[in-house]
Amino acid sequence: MLSTLRNAFAVKEIRTKILYMLLVLFVIRLGTHLPIPGLDINQLATSDAGTLYSLITGGQYGTIFAMGIGPYINASIIMQLLTVAIPKLEQIQKDGEEGRKRISQYTRIAAVILALLQGAGQVYTVHSAFTNPNWLVYIVGLLSMVTGTIFIMWLGEKLTEVGIGNGASFIIFANIVDKLDDGVMSLYISAQGSAMGWVRVVVILVAFVLMMAFVIIIQDGERKIPVQYSKKLVGNRMVGGQSSFIPVKVNIAGVMSIIFAISLLQFPQTINQLFNNSFLTWLSELLSFNHFSRCFLPISRGFLPVGTIVYIILIFCFTFFYTSFAFNSVEVAENMKKSGGFVPGIRPGKPTSDYIQTIVDRISLIGAISYAVMALVPIVIEWITGVSMGIGGTTLLIVSGVALELLKQLESQLLIRHYKGFLN
């Protein structure tokens, strides 16, 4: 890893891209500390710091980047759901590059609408901290936050255009890394004053290391489906006959299933910021991870964490849902048939697609269980020890995935430059 970074910095073109990425991330982190006009940020008592959603968005209440990239993530989720549910949108997405551009434009529009709603809720939440509260100040504050979100969306697209990975992923990566010091400080404070505190910290650190190893295993895990290509006569020569494989990764859905689940759980709280409804307040509390409700089932005699249970169910649902359109087994089988390939022992066509789909479903089940374990470990540890880990399996998966993607992009660009130099 260090050698790859060293070699990348030695190449002027790649070094410029990396420095540009760091500059953009610095601007974004700087904006999370700039208060919106007319607001005394020191008077704020409301914060969602420490939640996974706040780590992903990276925002801080009362700042121009308070919503971060959150509205864009939610808009992307909504558009992906609508693309599956509405045939016309699905057809637009299949219209090549032009169709993808239209879907991206719809996503931006939806992100602005969500930013207006969420921003209005946040302005209402922090309205008491304005030094000269009136409607004009509230509108200026709302427009400042919406503009900040649009600016972050634009920066994310610029990062993508640079060519070293997905810009939105890098922004989420920077937001998570920026909050690591809060987790370290939380562990240090909890360890002071007693030997048992240090024991809890050691247990948490051991769990953290085990989770890191587990995340790396899941990140690289895949099932290889063997493919044999038949020989055919081209001119006077026989070509083909080689063996290959189709890689099916354990994390086809990646962290999207967890991001979808946490976004849906946070939706009542977001809406409640705008309307301040008693039912939404109760629902937001019910869906929080630290809330236990008396179970109405006769088999249970205690309390159940409803929010955590719903969280795990949503992870399973979204894992299979996202995988269903991220990996199209029918299309893979058709492409394989057109190129003269087949899975040994399986007839081409529908039997092949059914066979591939069965494997994908089994792999998705393993992935869903893995994501659920990653999501549960920090929650359970906090229940037992009363200390937050600061970073859990989900955030580890995001950080490791983005870091590995960055290294792969740098290695590929170094390799391309090596071949260009050889050819020249």
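The structure is a predicted model, in which local features require a pLDDT of at least 70 and side-chain atom pairs are counted only at pLDDT 80 or more, whereas totals for chains, interfaces and linings use all residues. Residues are numbered from 1 along each chain as its sequence is written, and side-chain values use heavy atoms, with hydrogens and water left out.

The protein has a mean pLDDT (the predictor's confidence in each residue, from 0 to 100) of 77, and 84% of its residues reach 70 or more. Confidence is highest in helix α7 (residues 135–162), with a mean of 89, and lowest in strand β5 (residues 293–294), with a mean of 51. Over residues 294–302 the pLDDT stays under 50, and the model has 6 contacts (heavy atoms within 4.5 Å) for this stretch beyond four places in sequence.

In soluble globular proteins, nonpolar side chains tend to be buried together. A nonpolar core is defined here as a set of buried Ala, Val, Leu, Ile, Met, Phe, Trp, Tyr and Cys residues joined through side-chain atoms within 4.5 Å. Burial is assigned from relative accessible area (1.4 Å probe, protein chains only): buried is under 20%, exposed is over 50%, and partly exposed is in between. The largest nonpolar core has 65 residues, of which Y311, I315 and Y371 touch the most other members. Helix α15 (residues 350–385) gives the most to this core, contributing 9 residues. A second, separate core has 15 residues, among them I36, V126, V137 and V146.

Not counting residues up to four places away in sequence, F289 touches I262, L265, G307, T308, Y311, I379 and W383. F289 is partly exposed because its relative accessible area is 22%. The C-alpha atoms of F289 and I309 are separated by 8.9 Å, with the two residues 20 apart along the chain.

A search of the whole structure finds 3 salt bridges, a salt bridge being a side-chain nitrogen of Lys or Arg within 4 Å of a carboxyl oxygen of Asp or Glu. In one of them, the side chains of R108 and E157 meet with an N to O distance of 2.5 Å. This pair links distant parts of the chain, with R108 in helix α6 (residues 96–125) and E157 in helix α7, 49 residues apart. R108 has a relative accessible area of 26% and is therefore partly exposed; E157, at 26%, is partly exposed.

Another salt bridge joins the side chains of K158 and E161, at 3.7 Å from N to O. Both residues lie in helix α7, 3 residues apart, or about one turn of the helix. K158 counts as partly exposed at 27% relative accessibility, while E161 counts as exposed at 59%. In helix α15, D354 and K350 are 4 residues apart, about one turn of the helix, and form a salt bridge whose closest N and O atoms are 2.8 Å apart. D354 is partly exposed, with 36% relative accessibility, and K350 is exposed, with 60%. An α-helix has 3.6 residues a turn, so residues three or four places apart point the same way.

Helix α4 (residues 70–85) has 16 residues and spans 23 Å from its first C-alpha to its last. This is close to the 22 Å expected at 1.5 Å a residue, where the expected span is 1.5 Å times one less than the number of residues. The buried residues of α4 are G70, P71, I73, N74, A75, S76, I77, M79 and T83.

T32 lies in the loop between α2 (12–31) and α3 (52–57). T32 counts as buried because its relative accessibility is 3%. The side chain of T32 reaches the backbone oxygen of R29 at 2.5 Å.

D220 is placed in helix α10 (residues 195–220). Not counting residues up to four places away in sequence, D220 touches K249 and L404. D220 and N251 are 31 residues apart in sequence, and their C-alpha atoms are 8.5 Å apart in space.

Key. Helix = DSSP H or I, 4+ residues; strand = E, 2+ residues; numbered from the N terminus. Polar contact = N/O pair within 3.5 Å; in protein donor to acceptor, adjacent residues only side chain to side chain.
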